[in-house]
Amino acid sequence: MLQLHGKVIQLNGSLLGLEAYDAFLVSVVDPEGPYAYLQSLQEEKIGFLVVTPFLFYSEYTFELDEKNKLLLDLKSKEEVLVLNTVTIREPFTQSTVNLLAPIVVNLRNGQARQIVLPPKTQYGTTEPLFRDAAEESGE
């Protein structure tokens with residue numbers, strides 16, 4: 001994700017609930033960490049924390065359909081970066097991640113799309129970011 005720091009990604013109206021906002025600046029929170037902040041270039045009040053999910057969900061997988069591959073102009077797997085939005089809660093260990101609607105980024109051209117996985121997927125919109133903490137709290 002570090003290669004996107006300071007760059008703009010184009011979501012082209014695909015961000016659910018924020019279809020009017022296309023351009024987002026990527027700011028990596030910590031070069032060694034999995035977090036980044038996406039800031040709208042069109043509205044300063046719109047921004048959110050995203051995470052590369054595989055550190056938290058190593059088994060996380062999905063198929064990207066041909067339509068989205070074409071829209072993103074993806075040529076290889078190496079061009080793909082997957083981000084998921086985080087809902088920050090107090091304490092932070094209770095934060096959740098949206099695994100149902102990942103943001104797929106083409107690292108080569110900066111094009112991105114939020115996609116919604118099929119209904120039969122096992123992932124939801126409020127999965128615990130830290131599964132161990134959720135189990136300890138009984139959630």
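Here are some numbered notes on this structure, which is a predicted model.

1. Let's start with the layout. The protein has nine strands and two helices. Going along the sequence, the order is β-β-β-β-α-β-β-β-β-β-α.

2. Next, the overall size. For 139 residues, a compact globule would have a radius of gyration near 14 Å, and the protein comes in at 15 Å, so the two agree. If you draw a box along the principal axes, the C-alpha atoms fill roughly 40 × 35 × 30 Å.

3. The protein exposes about 7900 Å², and 53% of that is supplied by carbon and sulfur atoms. As for contacts with a separation of 6 or more, 53% of them are between residues 24 or more positions apart.

4. A quick word on charge. The protein carries 11 positive and 19 negative charges.

5. Now for the rings: how many aromatic pairs does the structure hold? There are eight aromatic pairs. One of them is formed by Phe24 and Phe48, a tilted pair with 5.7 Å from centre to centre and 50° between the planes. Phe24 sits in strand 2 (residues 23-28) and Phe48 in strand 4, so this pair ties together parts that are 24 residues apart in sequence. Both Phe24 and Phe48 are buried.

6. Tyr35, Phe56, Phe92 and Phe130 are linked into a cluster by ring pairs. Is Phe56 buried or exposed? With a relative accessible area of 14%, Phe56 falls under the 20% cut-off, so Phe56 is buried.

7. Who does Phe56 touch? Leaving out neighbours within four places in sequence, the contacts of Phe56 are Pro34, Tyr35, Val51, Leu129, Phe130 and Arg131. Two of the cluster members, Tyr35 and Phe130, are on that list. Pro34 and Phe56 are 22 residues apart in sequence, and their C-alpha atoms are 9.3 Å apart in space.

8. Thr52 belongs to that loop as well, the one between strand 4 (47-51) and helix 1 (66-72). Thr52 has a relative accessibility of 17%, so Thr52 counts as buried. Setting aside neighbours within four places in sequence, Thr52 is in contact with Met1, Pro34, Leu81, Val82 and Leu83. Pro34 therefore turns up as a contact of Thr52 and of Phe56, using heavy atoms within 4.5 Å as the cut-off.

9. There's a backbone detail to check at Pro91. The peptide bond from Glu90 to Pro91 is cis, with omega near -10°. Pro91 is in the loop between strand 5 (80-87) and strand 6 (96-97).

10. Finally, which residues have a positive phi although they are not glycines? Asn12 is one of them, with phi of about 50°, and Asp73 is another, at about 55°. Asn12 is in the loop between strand 1 (8-10) and strand 2, while Asp73 is in the loop between helix 1 and strand 5. Asn12 counts as partly exposed because its relative accessibility is 43%. Asp73 also counts as partly exposed, at 31% relative accessibility.

Technical notes: Residues numbered from 1 in each chain as written. Predicted model: local features only at pLDDT ≥ 70, side-chain atom pairs only at ≥ 80, totals over all residues. Heavy atoms only, no water. Helix = DSSP H or I, 4+ residues; strand = E, 2+ residues; numbered from the N terminus. Rg over C-alpha atoms; globule rule 2.2 N^0.38 Å. Areas by Shrake-Rupley, 256 points an atom, 1.4 Å probe, with all protein chains shown as cover. Lys, Arg positive; Asp, Glu negative; His and termini not counted. Charge placed at Lys NZ, Arg CZ, Asp CG, Glu CD. Buried < 20%, exposed > 50% of the residue type's maximum accessible area, 1.4 Å probe, protein only. Phe/Tyr/Trp six-rings, centres within 6.5 Å; stacked < 30°, edge-to-face > 60°.
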